[in-house]
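Please take a moment to look over the sequence and the model side by side before reading on. The paragraphs that follow walk through a few parts of the fold in turn.

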Amino acid sequence: MGLRKMIKNSSLLSENKIQKVIVENFDEIAPFYYKLLSEWTNSSYETFQDIDKYLIILYLINKDFDYYIQNELVESYDTFFLYDKSLELDRINIIEISKNLIIPKESARRKILRLEEFGVLKKIAKKIYIDRSAFRLVQPKNTLQNLCALLSKIAELCEKNNLINQSKQFDEISNEIKNNFTYCWYFFLEFIFIFTNRWKEQVGDLEIFSVGMVIMWHSLVTKSYEANGWNFSKWKKNKILVPETGVNTMSISEITHIPRPTVVRKLNYLLKNKYISVNKKKLFNVNMQDKTLTDTIKLQEKNVLSLSRLIFKIFGQINIR
């Protein structure tokens, strides 16, 4: 499928209406939402053993998606990844990357040099190229599936609330996103940059966030989810029940691909700052308290707003209305 024009969004849906549906049904949405984010984070680290390096590549590739947005063009998933091409850039603006991804300037410079050594960035004369191998490394097969599962659930809830005429099934949504890939993925990456920046500012680095997400995801599939739910604003009203379950250090290391000694350091940070608890069996569980809970509620509210914008953009383009 070749280039097509973007759809002008004339839906009766709005970001505010979608946000209301997400907030009121967050316990239903949470398993899909946290699975998407946890698995994205783990695969990002696995690629370069550094989530920031992965984000730098995504940031540069998003320049390509930006071209399509600016020219109101859309290209499909299959066509975009079919081309044997590299992306040519006049230069890499390290200050821009440092500012927009919240990476110290010298650290960003070092990470870009490592990416050159890795072979995904190449300098030829004064030009910089993102090698074709980089596109293959970030091809979002699992992320696309997880995003479609989340969108399918939210579309179902929107239909129940009479906000749309008819929801679409997982396969329909998947096909529509693939057909409108450059548009949908531009806004997905914008969401990811905003989301990761917020968590980086809150906890310091994304490896800490990755470790915390595994514990959160594990809690979702155990009794602690049933006891507490995931609308954090209600946690203060309910007595927070932390059952004798949890996930151990070795399992966290295997799931995140982060070396065990590093995981231990990240767990100590999360314990010290009251994001998690540890029981006698040395199993970790979510147990946010005090200021940590208050800050997380504020962060979740901002992220739900950003998620609502992403969904509004995608639903408009794939004709869910």
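Predicted model: local features only at pLDDT ≥ 70, side-chain atom pairs only at ≥ 80, totals over all residues.

Tyr-33 belongs to the largest nonpolar core, a set of 106 residues in which Tyr-33 and Ile-177 touch the most other members. The largest share of this core comes from helix H10, which supplies 14 residues.

Helix H10 runs over residues 181–203 and includes Thr-182. Thr-182 has a relative accessible area of 0%, and because anything under 20% counts as buried, this residue is buried. Its contacts, again leaving aside neighbours within four places in sequence, are with Phe-65, Tyr-68, Leu-73, Val-74, Glu-75 and Phe-80.

Another helix, H8, covers residues 141–160, and at 1.5 Å a residue its 20 residues should span 28 Å, which agrees with the 29 Å between its end C-alpha atoms. After H8 comes Asn-162, whose phi is positive, near 60°.

The strands can be followed from E5, residues 127–130, where Ile-128 and Ile-130 form a covered face while Lys-127 and Tyr-129 form an uncovered one. Strand E3, residues 87–89, pairs with E5 in the antiparallel sense over three bridges, and Glu-88 stands opposite Tyr-129. Strand E4, residues 121–124, also pairs with E5 in the antiparallel sense, over four bridges, with Lys-123 as the bridge partner of Ile-128.

Methods. Residues numbered from 1 in each chain as written. Heavy atoms only, no water. Helix = DSSP H or I, 4+ residues; strand = E, 2+ residues; numbered from the N terminus. Buried < 20%, exposed > 50% of the residue type's maximum accessible area, 1.4 Å probe, protein only. Contact = heavy atoms within 4.5 Å. Core = buried A, V, L, I, M, F, W, Y, C linked by side-chain atoms within 4.5 Å. Expected span 1.5 Å × (residues − 1). Pairing = 2+ DSSP bridges.
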